[in-house]
There are 6 protein chains.
Amino acid sequence: MTDPAQLTHVDQAGAARMVDVTAKPVTGREAVAAGRLRTTPEVVDLLRRDGLPKGDALAVGRLAGIMGAKRTPDLIPLCHPIALHGVTVDLRLTTDSVEITATARTADRTGVEMEALTAVAVAGLALVDMVKAVDPAASVDAVRVLSKSGGKTGAWRRPEGRP
Amino acid sequence: MTDPAQLTHVDQAGAARMVDVTAKPVTGREAVAAGRLRTTPEVVDLLRRDGLPKGDALAVGRLAGIMGAKRTPDLIPLCHPIALHGVTVDLRLTTDSVEITATARTADRTGVEMEALTAVAVAGLALVDMVKAVDPAASVDAVRVLSKSGGKTGAWRRPEGRP
Amino acid sequence: MTDPAQLTHVDQAGAARMVDVTAKPVTGREAVAAGRLRTTPEVVDLLRRDGLPKGDALAVGRLAGIMGAKRTPDLIPLCHPIALHGVTVDLRLTTDSVEITATARTADRTGVEMEALTAVAVAGLALVDMVKAVDPAASVDAVRVLSKSGGKTGAWRRPEGRP
Amino acid sequence: MTDPAQLTHVDQAGAARMVDVTAKPVTGREAVAAGRLRTTPEVVDLLRRDGLPKGDALAVGRLAGIMGAKRTPDLIPLCHPIALHGVTVDLRLTTDSVEITATARTADRTGVEMEALTAVAVAGLALVDMVKAVDPAASVDAVRVLSKSGGKTGAWRRPEGRP
Amino acid sequence: MTDPAQLTHVDQAGAARMVDVTAKPVTGREAVAAGRLRTTPEVVDLLRRDGLPKGDALAVGRLAGIMGAKRTPDLIPLCHPIALHGVTVDLRLTTDSVEITATARTADRTGVEMEALTAVAVAGLALVDMVKAVDPAASVDAVRVLSKSGGKTGAWRRPEGRP
Amino acid sequence: MTDPAQLTHVDQAGAARMVDVTAKPVTGREAVAAGRLRTTPEVVDLLRRDGLPKGDALAVGRLAGIMGAKRTPDLIPLCHPIALHGVTVDLRLTTDSVEITATARTADRTGVEMEALTAVAVAGLALVDMVKAVDPAASVDAVRVLSKSGGKTGAWRRPEGRP
């Protein structure tokens with residue numbers, strides 16, 4: 001039978017805490033997360049044409065994602081401050097979306113899933129901010145971990161069945 | 001024919017800027033955004049049972065969302081710092097999801113869609129952080145504006161056809 | 001009979017929210033808070049002697065308090081971001097304490113008690129940090145509002161009976 | 001005879017600096033701090049009744065304390081940024097107070113007293129913010145280190161005689 | 001004879017404070033600041049060639065400047081938090097430098113010189129960070145106000161004689 | 001022939017990224033940077049006279065620089081968050097300038113040039129803020145690295161020929 005204490009940051013009484021990781025080993029860890037900006041073909045066309053010299057729209061998304069990853073412990077109440085050693089945010093245009101993939105890496109005591117997820121979500125929000133005058137209905141969708149490696153639990157890959 | 005300068009924060013040359021809103025009137029404005037944590041029935045059951053005295057899991061989501069809304073101008077590169085006058089984050093449990101709704105209000109020169117969207121996205125990320133030991137495939141989905149009002153453009157309601 | 005909803009930032013169901021203040025008038029508001037660093041006569045003597053040219057110990061306390069006041073909405077989950085128009089932090093040495101008084105002022109929709117209290121608390125913590133090698137038992141005591149004025153509730157003065 | 005340079009972060013000339021700890025060993029360290037919200041029996045009763053399903057008032061205090069601990073190097077001018085590995089904030093209701101205890105842990109080059117003290121002070125301020133409509137005279141009292149361990153100076157326990 | 005109290009944020013006794021501006025009128029204000037990244041022709045050539053589709057180097061400078069302007073009250077101890085209504089950062093390549101110009105605008109109680117200067121300085125630092133592998137001697141030079149307008153003191157233009 | 005990818009944080013396609021440093025060794029590193037506040041003899045005289053008991057003007061510069069160094073990863077988009085182990089900011093008055101020197105130290109995977117440069121720039125900006133009522137034309141000049149040591153590239157000293 002399930003127990004609320006299985007929730008990551010809640011003790012037996014249900015009170016929030018930042019779990020002590022002092023005893024966990026420092027190992028190389030990586031997490032890959034993805035998500036997407038759902039918008040219209042017209043907006044994707046604008047973003048594509050902005051891919052001219054000095055066109056900053058996609059750069060805003062990439063940089064917001066990278067800087068957002070660094071703010072993860074400020075945003076997620078029970079996340080540990082971590083030595084983030086590398087972050088990339090890749091943006092790929094389809095017909096009516098921008099596919100966002102973020103990779104976060106560290107050599108530390110906890111994983112970097114939350115950093116990768118935060119990079120994707122903030123990149124997505126920053127892209128909404130860029131396009132909202134043209135498409136006020138643009139949305140951020142399917143922000144999820146694709147894979148992670150390192151640490152005690154080792155490699156994990158997203159099951160096929162999960163959306 | 002479309003023009004990259006239609007993108008909200010990009011000038012004719014495609015360079016990013018924070019648009020000058022000095023001349024815009026101070027009016028009451030509101031935005032409602034929504035999204036969801038997609039997870040498993042087992043996790044929803046854990047969250048429900050945590051709804052006992054001192055159970056903090058859902059409170060973590062609500063507070064992360066409210067505090068995240070206040071960090072919007074730090075996270076979204078071209079957002080204006082704004083006098084945020086009220087934020088609520090409501091969480092509703094379904095069979096296999098937590099439905100997140102955030103309302104942001106201000107009396108200022110620009111709208112608060114980004115604040116409402118950021119509240120939803122950060123609440124969703126914080127909930128992922130709470131449940132990821134049990135469900136590492138939990139995702140944040142459909143972060144979108146439902147409606148907004150106030151300002152020059154007036155009331156807007158999400159079209160039915162948009163996902 | 002008392003009702004949990006009387007708590008400042010909790011709705012009828014007990015859920016945290018940032019109360020909407022859009023409709024409140026913009027008025028001049030002021031709050032004065034106080035507190036003290038409790039330490040030893042030896043430490044107070046060190047701080048006094050540091051009051052020589054370029055002695056920064058008390059300046060660290062004053063500046064930490066002023067800068068801390070500006071971080072209030074980042075620290076206090078349900079506080080509104082506010083246009084803080086003036087902050088002073090005064091430090092007065094006694095035999096075995098540093099008496100801290102902070103005044104915060106604004107012309108905005110909500111009061112500035114939390115800003116004045118945060119200034120006092122952070123100034124006190126910064127002073128502890130300065131003296132802790134000499135007095136690891138130094139404490140921050142009696143962080144409280146002395147008076148406030150402005151807004152709908154008008155002037156308030158701390159009752160004599162309260163410690 | 002005492003020397004201002006004994007103050008933790010001041011050089012011989014009295015100028016503030018962040019002391020170089022590069023050469024200090026990385027060891028497990030822990031600090032426990034405590035303090036209290038002094039208020040009225042009526043308020044404690046409200047907080048107790050809020051301890052119903054979804055009652056967030058005490059959760060706000062706990063989370064503000066944990067998140068505040070992470071902001072310590074932003075708030076305390078000469079504190080080192082540190083790899084904070086665990087934080088707990090415990091709240092215990094008495095007749096007319098909330099007793100706050102925070103524990104901070106790390107494996108790093110400097111101690112975590114300031115992190116534990118900041119957790120207590122910010123938790124206390126957040127509780128004041130929750131109750132101030134009912135008790136504007138609520139105060140934060142006796143923010144102090146109870147014990148610490150690890151590092152060169154080793155274990156320290158608060159002397160009985162100190163308030 | 002001159003008086004230390006003429007220094008902007010220091011009282012008669014020399015103690016730092018954040019000056020009370022509650023009584024100052026809300027007026028439209030603008031400040032223009034400039035500065036330059038001094039580097040080598042080889043680096044300028046690299047930046048120019050990066051001005052291809054998706055080349056982010058100059059975008060990083062522009063965005064860092066805009067986001068830095070929003071952090072001004074966090075960085076400059078006695079600066080007021082301000083409603084920043086618009087910021088632009090322009091970068092112009094010469095033979096061996098990048099000329100940086102920033103414009104900040106608000107309708108508030110204090111001027112925005114510090115916001116414009118911070119935008120220039122942070123843009124310059126971010127550009128140093130981009131080029132430092134090729135030119136570790138790159139520097140940020142001549143960060144200064146060119147002009148400001150609005151407020152009681154009205155229009156000011158940099159005197160010709162000042163470097 | 002030069003390649004944009006030589007730019008520190010840009011990939012072959014010109015897209016910004018935070019370079020992965022997981023594989024780099026943890027070594028002791030130090031960087032010394034310098035710069036200056038250019039102002040008038042009258043202002044330098046005011047700063048000198050403020051060097052009386054409790055005169056905070058120079059302390060504001062020193063503390064802003066130290067605290068600014070800690071904010072480097074928040075300000076510089078592609079900088080790694082780093083375990084900053086020591087920072088000093090020295091201010092020396094000349095006839096018409098304040099010479100600023102900052103030293104940053106760490107034992108980590110990347111260098112601390114950006115931290116030292118940020119300390120100098122923010123100290124300079126804070127001093128401008130202190131003197132701008134008397135000298136609105138004060139500027140921050142020649143923010144540059146003097147030397148660095150540690151890491152794979154080893155010791156570097158600023159070439160004589162560079163301004």
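Okay, one term before we start: a salt bridge here is a side-chain nitrogen of Lys or Arg within 4 Å of a carboxyl oxygen of Asp or Glu. Also keep in mind that what you see above is a predicted model.

Let's begin inside chain D. D:Asp141 and D:Arg38 have side chains that meet in a salt bridge, at 3.2 Å from N to O. D:Asp141 sits in strand 4 of chain D and D:Arg38 in strand 1, residues 27–38, so this pair ties together parts that are 103 residues apart in sequence. Are the two partners buried or exposed? Well, D:Asp141 has a relative accessible area of 8%, so that one is buried. D:Arg38 comes in at 32% relative accessibility, so we call that residue partly exposed.

Over in chain F there's another pair to look at. F:Arg36 makes a salt bridge with F:Glu99, and their closest N and O atoms are 2.9 Å apart. Again, distant parts of the chain get linked: F:Arg36 belongs to strand 1 of chain F, residues 27–38, F:Glu99 to strand 3, residues 97–108, and the two are 63 residues apart. On accessibility, F:Arg36 counts as partly exposed at 23%, while F:Glu99 counts as buried at 16%.

A:Arg71 is in the loop between helix 2 (57–70) and helix 3 (72–75) of chain A, and F:Asp74 is in helix 3 of chain F, residues 72–75, so here the pair joins two chains. Both A:Arg71 and F:Asp74 are buried.

A network of salt bridges links A:Arg71, A:Asp74, B:Arg71, B:Asp74, C:Arg71, C:Asp74, D:Arg71, D:Asp74, E:Arg71, E:Asp74, F:Arg71 and F:Asp74.

Now for the interface of chain D and chain C. On the chain D side, 67 residues are in contact with 68 residues of chain C. Between them the two chains bury about 5,400 Å², with 62% of that on carbon and sulfur atoms. Which residues of chain D lose the most area to chain C? They're D:Leu7, D:Leu125 and D:Arg162, and together they make up 11% of what that side buries.

One to look for is D:Asp135 with C:Arg162, where the side chains meet at 2.9 Å, N to O. As for polar contacts, chain D and chain C have 15 residue pairs, both residues at pLDDT 80 or more.

What does chain D put on that side? Helix 1 (41–49), helix 2 (57–70), helix 3 (72–75), helix 4 (113–131) and strand 4 (139–149) each supply at least two residues. Helix 4 has the largest share, with 12 residues. By type, the residues of chain D that touch chain C split into 39 nonpolar, 10 polar and 18 charged.

Last stop, strand 4. Strand 4 of chain C, residues 139–149, is joined to strand 4 of chain D by two bridges, and the strands run antiparallel. To find the spot, look for C:Val143, whose bridge partner in strand 4 of chain D is D:Val140. And strand 4 of chain D is where we came in, with D:Asp141.

Conventions:
Residues numbered from 1 in each chain as written. Chains lettered and ligands numbered in written order. Predicted model: local features only at pLDDT ≥ 70, side-chain atom pairs only at ≥ 80, totals over all residues. Heavy atoms only, no water. Contact = heavy atoms within 4.5 Å. Buried area = accessible area lost by both parts, 1.4 Å probe. Polar contact = N/O pair within 3.5 Å; in protein donor to acceptor, adjacent residues only side chain to side chain. Helix = DSSP H or I, 4+ residues; strand = E, 2+ residues; numbered from the N terminus. Nonpolar A, V, L, I, M, F, W, Y, C, P; charged D, E, K, R; others polar. Pairing = 2+ DSSP bridges. Buried < 20%, exposed > 50% of the residue type's maximum accessible area, 1.4 Å probe, protein only.
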